[in-house]
Amino acid sequence: MHSRFVHGILSTFLLICLSILYGCKAAPVPPEVALAETQEHELWRAGAEIYFPREYREHKAVLRNGKDHFIAEQSRFVWFRNYESVQKEFSSIISNGNNLFKKIQEHKSSKSAAIAGQIVFFQNKLETLKKLTTLINEGRLSRRQLMTAELLLNEVQRLTEKGKFQEAEKKLRIIPVYTASATEAIAPVLNRYANKEQIAKWRAWVNDTIEVSREKGIYSIFVSKLDRKLILYKNGVPYKTYAIGLGKNGFHDKLHAGDLATPEGKYRITKKQPRSKYYKALLINYPNEEDSRQFARAKKNGLISTKVGIGGLIEIHGGGIEGMTYGCIALENNNMDELYHLVDIGTPVTIVGAIDYDNIISSTIKDL
Amino acid sequence: MKRLLISLTVALAMMFVLTSCAKQPTQEMNDSKAAIDAAIAEGGEKYAKEEVKKLNDDLTAAMDEIKVQDGKFFKNYDKAKEMLAAVKSGADALKAEIPARKEKAKNDATAALDAAKTAVSDAKALLAKAPKGKGTKADIEALKADVAGLEAALTEADGMMTSEDYFAAIDKANGAKDKAAQVAEQISQAMAKKK
């Protein structure tokens with residue numbers, strides 16, 4: 001009887017244990033746990049690791065901590081589980097995650113705006129530099145550098161569109177290397193056109209030439225390289241203006257044979273050629289005394305090879321202004337016809353870079 | 001009394017079986033980790049960044065499940081094993097897929113580079129038709145330098161192909177192609193002006 005009673009108690013105990021173990025319903029897992037995990041993934045996708053690595057690491061550490069608390073709770077017996085504190089903790093994690101997400105979005109949007117500003121800045125700069133290189137016929141190295149910079153800028157745009165701001169910024173930092181190199185290549189030419197003393201000297205030559213025309217009642221020619229104009233003066237007054245073409249190095253002052261530069265100085269017509277390779281031509285007396293002195297100085301200072309000659313045969317000729325001369329000044333054939341008949345041997349010809357300090361080069365290089 | 005002793009022994013034996021027999025799935029854990037590492041070594045970070053992140057997250061979730069079971073009186077690692085097996089098979093599948101993705105990126109980059117090379121050589125061919133020597137216009141000279149700059153970009157893109165940086169090569173090639181088309185247009189305009 002006693003054994004039957006004990007057996008009954010034991011069976012009841014086992015039944016209670018089994019019902020506790022398998023029959024009790026577990027407390028529901030708070031939805032915040034899964035939400036926090038999804039949020040972490042979204043933060044990663046948004047670039048938290050890239051833009052806010054420290055904050056992201058901290059967020060992940062807090063999330064890990066929360067998960068450990070969740071795991072500890074899950075490890076308890078079903079009827080001891082209580083997710084209240086876990087839920088609270090995960091709500092706070094989600095809230096912090098939302099703040100970080102907002103921070104990332106703001107950061108990205110400010111980055112995007114800053115890069116867009118930089119793109120516009122470099123686009124303008126490249127446009128200016130390209131305009132200047134075209135103006136002074138200074139292609140080659142500087143244009144190559146500008147093309148490289150343009151391609152980089154293109155890549156920056158593509159990367160920005162893809163939201164790859166860090167990579168875009170990395171490329172943006174390289175662009176000034178190429179723009180600086182291009183600027184350096186053209187600076188020696190440009191600086192002369194923005195130099196007040198140099199322009200004053202050129203202006204004085206022009207004034208002398210006009211004065212001679214006025215005093216002697218003759219024609220005189222003045223050529224402005226920057227304006228790409230040849231102005232014929234009669235009795236000290238502008239009589240005709242013609243557009244001109246120059247050579248590859250037309251904006252340089254001629255120093256020696258083969259440099260493709262157009263000389264600057266006060267010359268005169270020494271020969272009229274009714275039939276020339278380039279329609280009709282007016283030969284000038286390059287090199288004059290100043291050119292010879294300059295050439296001798298350059299040789300003495302080792303600026304040019306000892307084997308090179310000073311050059312000559314600088315003309316005002318026809319053939320059209322679109323062509324690239326070897327240092328001569330080219331006119332359209334109909335204009336050449338007109339000029340050829342108006343001037344005589346001995347007519348003064350003054351060639352200068354520019355006569356106004358406020359010219360396109362001086363104003364443009366201020367922005368570089 | 002004898003029956004009571006038998007019942008107690010059976011109950012104790014069952015508890016022993018339930019609490020002590022389940023062991024951490026160490027082998028599965030190592031296999032899953034090794035499978036992810038293998039996928040990364042194949043180029044996962046470059047060609048399947050998102051998937052690699054997902055696999056790592058899933059592995060963490062499996063490890064968390066193991067921790068949950070570790071803390072339980074009655075351990076059951078079946079769910080963790082399932083999760084680890086899914087991670088492993090996902091990583092294996094990803095590893096197997098990466099060469100195809102790499103190949104696709106390579107093919108895309110090759111096609112982009114070929115298109116860019118064609119565009120640049122078209123521009124160059126146009127330049128060759130431009131008047132030479134003294135008759136060459138200033139803008140043609142400048143455009144020649146532009147084409148030289150484009151050729152330098154193509155050389156750079158070739159280098160990217162060699163170093164298997166296909167996505168960067170695609171960007172570089174597409175940029176060069178677009179620019180080459182613009183330059184070709186400018187060359188045509190400059191030549192038309194001359195006529």
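Which residues in α5(A) meet which residues in α8(A)? Phe122(A), Lys125(A), Leu126(A), Leu129(A), Leu132(A) and Thr133(A) in α5(A) meet Ile175(A), Thr179(A), Ala182(A), Thr183(A), Ile186(A) and Leu190(A) in α8(A); two residues are taken to be in contact if their C-beta atoms, placed from the backbone, lie within 7 Å. By class, this contact of α5(A) with α8(A) has eight nonpolar, three polar and one charged residues. Here Ala, Val, Leu, Ile, Met, Phe, Trp, Tyr, Cys and Pro count as nonpolar, Asp, Glu, Lys and Arg as charged, and the others, Gly among them, as polar.

Before going on, a word about the model. What you are looking at is predicted: local features need pLDDT of at least 70, side-chain atom pairs count only at pLDDT 80 or more, and totals for chains, interfaces and linings use all residues. Residues are numbered from 1 along each chain as its sequence is written, while chains are lettered from A and ligands numbered from 1 in the order in which they are written.

Now step back to chain A as a whole. Its secondary structure comes to twelve helices and eight strands, where helices (H or I, at least four residues) and strands (E, at least two) are DSSP runs numbered from the N terminus. The C-alpha trace of chain A spans about 155 × 40 × 35 Å along its principal axes. Its radius of gyration is 41 Å, whereas a compact globule of 368 residues would have one near 21 Å; the radius is taken over C-alpha atoms, and the globule rule is 2.2 Å times the number of residues to the power 0.38.

The domain assignment gives chain A domain 1 (29-192) and domain 2 (196-356), with bounds that come from an automatic or database assignment. The C-alpha centres of these two domains lie 57 Å apart. Four residues of domain 1 of chain A are in contact with seven residues of domain 2 of chain A. On the domain 1 side, the touching residues are two nonpolar, one polar and one charged.

Let us return to helix α5 (residues 84-135) of chain A and its partners. The axes of α5(A) and helix α8 (residues 175-192) of chain A come within 11 Å and cross at roughly 30 degrees. Axes are lines fitted to C-alpha atoms, for helices over the stretch in contact, and angles run from 0 to 180 degrees between N-to-C directions. That angle makes α5(A) roughly parallel to α8(A), since angles under 35 degrees count as roughly parallel, over 145 as roughly antiparallel, 65 to 115 as roughly perpendicular and the rest as oblique. The crossing of α5(A) and α8(A) is left-handed, meaning that the near helix is turned anticlockwise from the far one by less than a right angle (clockwise would be right-handed).

With helix α7 (residues 165-172) of chain A, the axis of α5(A) comes within 11 Å and crosses at roughly 25 degrees. That makes α5(A) roughly parallel to α7(A), and this crossing is left-handed. Lys108(A), Lys111(A), Ser112(A), Ile115(A) and Gln118(A) in α5(A) meet Phe165(A), Ala168(A), Glu169(A) and Leu172(A) in α7(A). The contact has four nonpolar, two polar and three charged residues.

Two backbone details in chain A deserve a look. A cis peptide bond, with omega about -5 degrees, joins Tyr286(A) and Pro287(A). Pro287(A) sits in the loop between β5 (279-284) and α10 (289-300). Arg228(A), a residue other than glycine, has a positive phi near 50 degrees, and its place is in the loop between β1 (219-224) and β2 (229-234).
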